[in-house]
Amino acid sequence: MRLWRTLRQNIRDLRFQTKIMLSFMLISMIPVIILGSFCYQEAKSSLIKQSKSDLKAALDQGALALNSQLDVYNKLMNFLSFNQEIINSANHTYTSMYEMYDQLTHVIDQNFNTARYLNTGVEQITLYTGSNLLAHGSTVRPLNDIKQKQWYQMLMKSVDVLWFTDNKEIFAVRRIINTKQKDPKENVLHARVNYNSLFKPFDPLLSQGSEILVKDTYGKSIYASPGIEGYTSSDNTDSLDTLHWKNTKYTVLQSEVPISGWTVMLFKPTKIITNSAWKIIPTIGLVIVACIAAVAITANLFSRKFNSQIKRLRNNMRTVEEGALEVTVTSTSKDEIGDLIRGFGNMVDKTKVLIDKVYIEEISRKEYEMKALQAQINPHFLYNALSLINWRAIRIHATDISEMAQLLSTFYRTTLNKGNNIISVSDELLNVQSYIQIQLNMHSNSFEVEYQIDEAILSYYMPNLMLQPLIENAIIHGIENREEEEGSKIILSGEMVEECIIFKVKDNGVGIPQERLNLLLKSQSIGYGLKNVNDRAMLMYGPEYGLSITSILGLGTEVTFRFPSKRFEGSSDL
């Protein structure tokens, strides 16, 4: 915050010519930077779109190659499934071992080996049969071996070639359907293909920094390149075409494999795609710098031209400040600077007239009026009159008149306070005590006053005439309205609390209604001088100081005056 205030002040202190030049440059730089940024974004967007298009084409080509390979395997599975020799061998009930051996070696093994020889990507072909054929290595297995597999029930409901995966084992399965027998046996043809060779079409994409993920129709991962292993669809909290994975942002593209229903997803680090866009930044940067340099030169020339008349006006103002009321700068232009120069000349001319008229005539007249006013309110006349009343009262032994004259003398002496607004706490208390004693005399001592003053506050200073209105309100609006005069009491207390002086005036009068209490310090009420005291305190010390009032109807009122403690050694003229 301090740094910001310092920066703002430094900007304010700049020369006007510098401010004009900087403003001109700032206004001109905004469209230049916006235009440069727009060009960069458009070029970047175009390059990224082209890169994505190339990647999508390569991905579609790889998916098409995978689809073609699966199509070959599907045709192989269909060929073997419809091979009548294999169908007969799988559905026959054998009665001799020789017949069984002949079918295993000359029909099943021969056909399966030929198929594998012609399709090197097929690693193993297995017939799972419900006949009484004995297990023959991995070529023939009993049907019970697969009945517990999850995919078996799905296969039994289908007549197509289905593809499944188990970890890194990918295989195709198909039912062998016999339509020539009444009661055919259940037989399943199973072919496992080479995992790595199947996804070989994606090697060019992997070599360019992409990652490949292949999912089946159920969303299960079939193949994942090393950089994306462990990823699942639930990990993606971004949109469909972006992904954050292991602190890397990827651009995501998808393609479908129609035969198997698989989805191929390509993940390419976005920074690799956008790297080509960074090459245009130096060119755009050079153009922006050249534009800024041209703007700076133009701004300097214009600011010098605009500021020339202001400089002349400033020099003329300094001459006037030194006392020479002569205008040496003129202008015929009708712009704001011309108006300012002409206005300055008119002001100087009027100032000369005002000096001759007001300063010489009016000020002199005010001095005479002030002296006459001071003579009228000279406190010495009042003191001398009260002193004469006191002396004559003593001569005729009228002690009550003498006491009243002395109290009035003390009250007005402390009230006038030699014209100062600040008074010591001790003198303010003396003023209040004189006022209270006068009120006691006027009310025939019908109420009691108790003082609870901490002597530590007497040497501090405060605004004068702050306590007297509080006492006056307690008497007039509190004590005097009681039905019974006996027991009426006012307590004046003063103490130091956390570097603040707090005075409290408490009475046991009739109290103040709540609706009036809420308005005492907000509006000027007839008969209540509390708002004036509160406004004066807040004006001098701030809104956190001043008066607060609490009152209970029928029990009394307490007014609290709070102000900061200040000690002014050696002087009370503040």
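**Entry 1. The largest pocket.** I looked up the classes of its lining first: the largest pocket is lined by seven nonpolar, five polar and six charged residues. I note at once that the model is a predicted one. The volume of the largest pocket is about 410 Å³. I then looked for the residues behind these classes. The lining consists of 18 residues, and Trp151, Phe164, Thr165, Asp166 and Phe171 are those nearest the centre of the pocket. Next I recorded which elements give two or more residues to this lining: helix H5 (150-156) and the strands E1 (122-129), E3 (162-166), E4 (169-175) and E5 (187-193).

**Entry 2. The largest cavity.** I asked how many cavities of 30 Å³ or more the count comes to. The count gives one. For the largest cavity I recorded about 120 Å³ of space. Its lining has 13 residues; Asn473, Ala474, Asp507, Ile512 and Thr557 lie nearest the centre. Two or more lining residues come from each of H14, strand E15 (500-507) and strand E17 (556-564). I also asked which element gives the most to the lining of the largest cavity. That element is H14, with five residues.

**Entry 3. Helices H13 and H14.** Helix H13 covers residues 425-442 and helix H14 residues 468-479; their axes lie 10 Å apart, at an angle of about 25°. Angles under 35 degrees count as roughly parallel, and H13 and H14 are therefore roughly parallel to each other. I recorded their crossing as right-handed. On the H13 side, the contact is made by Glu428, Asn431, Val432, Tyr435, Ile436 and Gln439. On the H14 side, Gln468, Ile471, Glu472 and Ile475 take part. The classes in this contact are five nonpolar, three polar and two charged residues.

**Entry 4. Helices H3 and H4.** I then looked up a second pair, helix H3 (residues 84-91) and helix H4 (residues 97-118). Their axes come within 10 Å and cross at roughly 135°. This angle makes H3 oblique to H4. The crossing of H3 and H4 is left-handed, whereas that of H13 and H14 is right-handed. I asked which residues of H3 and H4 make the contact. H3 supplies Glu85, Ile86 and Ser89. H4 supplies Gln103, Val107, Ile108, Asn111 and Phe112.

Definitions and conventions:
Residues numbered from 1 in each chain as written. Predicted model: local features only at pLDDT ≥ 70, side-chain atom pairs only at ≥ 80, totals over all residues. Heavy atoms only, no water. Axes fitted to C-alpha atoms, helices over the stretch in contact; angles between N-to-C directions. Helix = DSSP H or I, 4+ residues; strand = E, 2+ residues; numbered from the N terminus. Parallel < 35°, antiparallel > 145°, perpendicular 65-115°, else oblique. Left-handed = near helix turned anticlockwise from the far one by under 90°. Contact = heavy atoms within 4.5 Å. Nonpolar A, V, L, I, M, F, W, Y, C, P; charged D, E, K, R; others polar. 1 Å grid on protein atoms, 1.4 Å probe; cavity = no way out; pocket = protein on both sides within 12 Å on 5 of 7 lines; lining within 4 Å. Points joined across faces, edges and corners; volume = space filled by probe spheres on them.
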